[in-house]
Amino acid sequence: IRVAPLNKPRLGRLVSAPLLLAALLFIAFDATAQTTVDVGLERDVNRYRWTAGLNTSVETGPWRIRLQDSFSSDAYVLFAGSYLLRDENRLGWTATRHVSDQLSLRLAGDSDWFSLSRVFIHSTLAGLTYRMNDSFAVTPLVGFALDQRPGISEIGSIAPLRADVGPAVGVSSRFSGPVGSGDAYNLDIVADANVQRISPRRGHQYRIAGLASRNQDNREFRTRFIASTVRRDTYEAASFLNRDLNTGSSVSESIEQTASDTLGINVEATMPIGRSMRISASGDLTANGRTIRNTGDPAETLFFDTEYDRRSFDFQGAIVRETRRSKIEVATTAGVEDESRSLTNRDELPEIQATQKSNLLRQADYDRGFFSVATSLRSQFGHRYTATISGTARILNHNTPETNPDDRDEVSFTSRAGLQVKISDVLRTELAFYG
């Protein structure tokens with residue numbers, strides 16, 4: 001963690017980095033590019049945030065290159081005019097070239113940087129895309145991965161950075177097209193797999209996501225789903241976790257394995273009523289799980305393996321009346337969610353330690369239910385002015401375990417009013433009030 005005065009020149013360099021990258025792309029390629037650049041500034045009670053984003057697509061000769069970059073910098077106001085700085089940058093790119101009607105060469109890479117945790121992650125993969133037909137294509141990939149983060153520290157010193165490099169393999173596939181005859185469902189399914197062997201650590205990501213949609217007599221039905229599992233290994237930076245307690249010598253490299261599983265399903269339906277009204281309904285089911293395991297640890301050292309589970313479901317219904325110059329919407333939302341945590345290696349720990357840690361984990365458990373009603377109004381006046389008004393009323397029932405008595409019922413109201421002015425075809429400004 002770095003505490004330093006706010007450095008305005010540094011900010012200017014970081015925010016302008018995506019803009020400079022976009023300019024270099026224009027200069028390097030004699031081609032037509034489609035580029036979007038976003039720059040933002042936020043001011044909170046004790047935080048400044050600067051954001052910058054770049055999304056560009058360039059075609060030069062037989063190559064098509066796409067690049068996305070997202071940068072954020074937070075400055076948290078502390079004391080005596082000092083600031084806590086946190087910077088993050090995510091960069092991804094792809095380059096494709098057609099080899100034949102069925103084959104395309106594909107190069108892909110991504111780089112993520114996190115300043116507070118001193119982590120840099122990079123991977124570069126290459127492969128061939130084989131298009132079996134107009135609906136299905138598969139791309140096997142091979143390359144390398146680099147993961148740099150704090151390693152094992154000595155007593156009384158900061159953990160030095162350690163970079164692990166190893167092979168990486170992956171495969172991606174996609175199916176997109178109609179299924180059935182007549183008013184058929186349209187399916188769009190994407191599956192990805194990526195495995196990294198950055199010894200002595202491992203990493204993998206498996207993901208499948210899809211959309212099934214159908215439009216019949218202006219009635220729309222959509223189902224979205226995603227299932228993924230991700231594993232990421234990190235070093236235990238604290239020196240005492242990697243030493244023999246009797247001799248003090250380094251005997252192992254303790255590694256923390258974090259595996260996260262996600263399942264999400266969303267179902268939506270929309271039906272028109274007359275020419276200007278429609279009703280809609282949707283349901284959203286989400287399940288998340290995370291397990292933490294420790295390997296390579298000395299036998300005398302106590303480690304605590306944990307498991308986290310979160311489940312939620314919510315339902316929303318809305319009725320909308322929309323014309324060319326106005327829109328009125330009334331919506332209701334109801335939902336439940338539950339979180340639980342547990343100690344998974346309790347049998348390997350002393351009874352006192354296991355009981356203390358189990359009770360500590362359970363203090364963060366909760367289950368809650370909520371119900372809300374929201375209304376919104378948008379109206380356009382002339383060609384330049386648009387007024388918006390919205391409000392929400394919400395009730396919440398929150399329950400906690402006996403080890404952390406924090407049960408409560410809440411009622412809240414929020415509102416917003418705004419006026420948007422269209423200055424030109426490319427410039428708009430808005431004034432908003434919140435309550």
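Arginine 408 is partly exposed, with a relative accessible area of 29%. In this predicted model, the side chain of arginine 408 meets that of aspartate 406 in a salt bridge, 2.9 Å from N to O. Aspartate 406 is partly exposed as well, at 35% relative accessibility. Side chains of opposite charge can pair when their charged atoms come close.

That pair is one of the 27 salt bridges that a search of the whole structure finds.

Take glutamate 268 and arginine 224, whose side chains form a salt bridge at 3.2 Å, N to O. Glutamate 268 sits in strand E13, residues 255–273, and arginine 224 in strand E12, residues 219–235, so this pair ties together parts that are 44 residues apart in sequence. How exposed are the two partners? Glutamate 268 has a relative accessible area of 28%, which makes it partly exposed. Arginine 224 is at 35%, also partly exposed.

Next, glutamate 322 and arginine 278 form a salt bridge, with the closest N and O atoms 3.1 Å apart. Here the strands are E15 for glutamate 322 and E14, residues 277–295, for arginine 278, so parts 44 residues apart in sequence are tied together. The relative accessible area is 31% for glutamate 322, which is partly exposed. Arginine 278, at 30%, is partly exposed too.

Then the network. Which residues are linked in a network of salt bridges? They are Asp147, Arg149, Arg162, Asp164, Arg201 and Arg232.

Back to strand E15, which runs over residues 306–322 and holds arginine 321. Leaving aside neighbours within four places in sequence, arginine 321 is in contact with Ser276, Met277, Ser326, Lys327 and Ile328. Where does isoleucine 273 belong on the surface? Isoleucine 273 is part of a nonpolar patch, together with Met271, Met277, Ile279, Ile319, Val330, Phe371, Val373, Ile395, Val411 and Phe413. The accessible area of the patch is about 920 Å² together. Elements giving two or more residues to this patch are E13, E14, strand E17 (366–381) and strand E19 (408–422).

Now the interior. In soluble globular proteins, nonpolar side chains tend to be buried together. What makes up the largest nonpolar core here? It has five residues, namely Leu125, Leu141, Ala145, Ala168 and Ile198. One of these, alanine 168, touches Leu125, Val142, Gly143, Phe144, Ala145, Val195 and Gln196, not counting residues up to four places away in sequence.

Last, the totals. The protein has two helices and 20 strands. Of its 435 residues, 28% are buried. Among contacts between residues at least 6 apart in sequence, 52% join residues at least 24 apart. The accessible surface comes to about 26,000 Å², and 56% of that belongs to carbon and sulfur atoms.

Methods. Residues are numbered from 1 along each chain as its sequence is written. This is a predicted model: local features need pLDDT of at least 70, side-chain atom pairs count only at pLDDT 80 or more; totals for chains, interfaces and linings use all residues. Side-chain values use heavy atoms; hydrogens and water are left out. Helices (H or I, at least four residues) and strands (E, at least two) are DSSP runs, numbered from the N terminus. Contact means heavy atoms within 4.5 Å. A salt bridge is a side-chain nitrogen of Lys or Arg within 4 Å of a carboxyl oxygen of Asp or Glu. Buried means under 20% relative accessible area, exposed over 50%, partly exposed in between (1.4 Å probe, protein chains only). Patches are made of residues with over 30% relative accessible area and no salt bridge: like charges are joined within 9 Å, nonpolar side chains (Val, Leu, Ile, Met, Phe, Trp, Tyr) within 5 Å. Accessible areas come from the Shrake-Rupley method with a 1.4 Å probe; for residues, only the protein chains shown count as cover. A nonpolar core is a set of buried Ala, Val, Leu, Ile, Met, Phe, Trp, Tyr and Cys residues joined through side-chain atoms within 4.5 Å.
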